[in-house]
Amino acid sequence: MLILGIESSCDDTAAAVLKDDQKLLSSVISSQFDVHAKYGGIVPELASRSHVQAIWPVVEEALFTANVRLKDIDLVAATQGPGLVGSLLVGFTFAKAVALVNNIPCVGVDHLVGHLLAIKLKNESVKNEGLEKEQIELPEYPYTALVVSGGNTSIFTVSSCTDFSLQGRTRDDAAGEAFDKVAKMLGLGYPGGPIVSKKAESGDPRAIKFPRSWLDKGSLDFSFSGLKTSVLNYINRCNQKNDPLAVEDICASFEQAVVDVLVEKTITAAKKSGHKDIVIGGGVAANSKLRRQMKERCAEEGLRCALPAPVFCTDNAAMIGLAGYYQFMELGTTVTPDTDAFSRSPLN
Ligand code: KG4
């Protein structure tokens, strides 16, 4: 079965072609960094307009690279939510129209499920840019998965490719959002995560004692708004005293505070559930400190840790095509032309 995956939930327009869950034939991503950079964050109206311009060329490129035509496609799978509704509607409506015109079934995919299953894109036959560098072992069900991105920070139990249950989630900001806001406070640009992470490499993670929010004992929920405020207060204090800002140390200390909480809570969740495998996904899962520390702590705790290649952590359509394939094969749930997009995930 040939699957066309489409993703447009935020600021990336993406399309991919897969052969069942066995082979990724193409994966094309068009980012909108230039559109939003000067605003220091995503402007929803501009994001929707950019998706409208990009969607057809991106799909055409994915089909061309995979050497298939639209009439060869057996299933269209598009992100139905969560995300910015204006952005979602572009990809989802495009997918429904293409499916209708070509008489192909279409499935609406929860973006979070894409992140939860992205690890399965790892396959010897999958053309995966990151895989040669990083050996990944496939997790066994049930496993504990941390989804950590610009819009979500949640821990799930994944019991099968269609069975997910929430164990904990952020009560305020997502971790990626905190990275983006700290970058903005420091005037570092957008998107903040990769820039803060780069600066952090030459800073001291113990230089500034930023708070770790553990919440109630044993809680698997997260909170990052206090940390964000703490960074802002620190910057303001330095400015008032005319002290130079040690940007690298701020980035490293902030990153360490986020990573400590993400890693320890995910490990607690796995141990509580008796799972042997931990998986991470979402844009922040591309963070090298998080990847390193999660691996080290899992090894200490006798847990296995599976990390998708960074290119499959950030938004992409390959994971949507894969999740859509499983959904179609296991549940057979297809959408109709009047099925709507959703801004919040029913899983969260
Ligand atoms: O999954 P994603 O591409 O989009 C969604 O939010 O769904 O994640 C984007 C988020 C942004 O907040 C970005 O700053 C963050 O992931 N991010 C990172 C890194 N790469 C992307 N955060 C920390 N370190 C990184 N290397």
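Biologist: In what order do the strands of the open sheet of 5 strands follow one another, and what pairing does this sheet have?

Modeller: This is a predicted model, in which local features need pLDDT of at least 70 and side-chain atom pairs count only at pLDDT 80 or more, whereas totals for chains, interfaces and linings use all residues. Residues are numbered from 1 along each chain as its sequence is written, and side-chain values use heavy atoms, with hydrogens and water left out.

The open sheet of 5 strands has the order E8-E7-E6-E9-E10, and its pairing is mixed; strands (E, at least two residues) and helices (H or I, at least four) are DSSP runs numbered from the N terminus, and two strands pair if DSSP finds at least two bridges between them. Strand E8 (163–169) and strand E10 (304–306) stand at the edges with a single partner strand each, so one side of each has no neighbour in the sheet. On average, and with direction ignored, neighbouring strands of this sheet are turned by 25° against each other, where axes are lines fitted to C-alpha atoms, for helices over the stretch in contact, and angles run from 0 to 180 degrees between N-to-C directions. Over 6 bridges, strand E7 (residues 153–160) pairs with E8 in the antiparallel sense, and Ser154 stands opposite Arg169 in E8.

Elsewhere, strand E1 (residues 2–7) is mostly covered, with 6 of its 6 residues buried (buried means under 20% relative accessible area, exposed over 50%, partly exposed in between, with a 1.4 Å probe and protein chains only). E1 runs antiparallel to strand E2 (residues 12–19), to which 6 bridges join it, and E1 and E2 form a hairpin with 4 residues between them; Leu4 stands opposite Val17 in E2. With strand E4 (residues 75–81), E1 runs parallel, joined by 4 bridges, and Ile6 has Ala78 in E4 as its bridge partner.

Among the helices, the axes of H5 (residues 175–185) and H8 (residues 247–273) come within 11 Å and cross at roughly 175°. H5 and H8 are therefore roughly antiparallel to each other, on a scale where angles under 35 degrees count as roughly parallel, over 145 as roughly antiparallel, 65 to 115 as roughly perpendicular and the rest as oblique. Ala175, Ala178, Phe179 and Val182 in H5 meet Phe254, Glu255, Val258 and Leu262 in H8, contact being heavy atoms within 4.5 Å. The residues of this contact divide into 7 nonpolar, no polar and 1 charged, where Ala, Val, Leu, Ile, Met, Phe, Trp, Tyr, Cys and Pro count as nonpolar, Asp, Glu, Lys and Arg as charged, and the others, Gly among them, as polar.

His115 lies in helix H4 (residues 111–117), and at 1% relative accessibility His115 counts as buried. The side chain of His115 makes a polar contact with that of Asp315 (3.4 Å); such a contact is a pair of N or O atoms within 3.5 Å, of which, within protein, one must be able to donate a hydrogen and the other to accept it, and residues adjacent in sequence count only if both atoms are side-chain atoms. Not counting residues up to four places away in sequence, His115 touches Val147, Gly281, Gly282, Cys313, Thr314, Asp315 and Met319.
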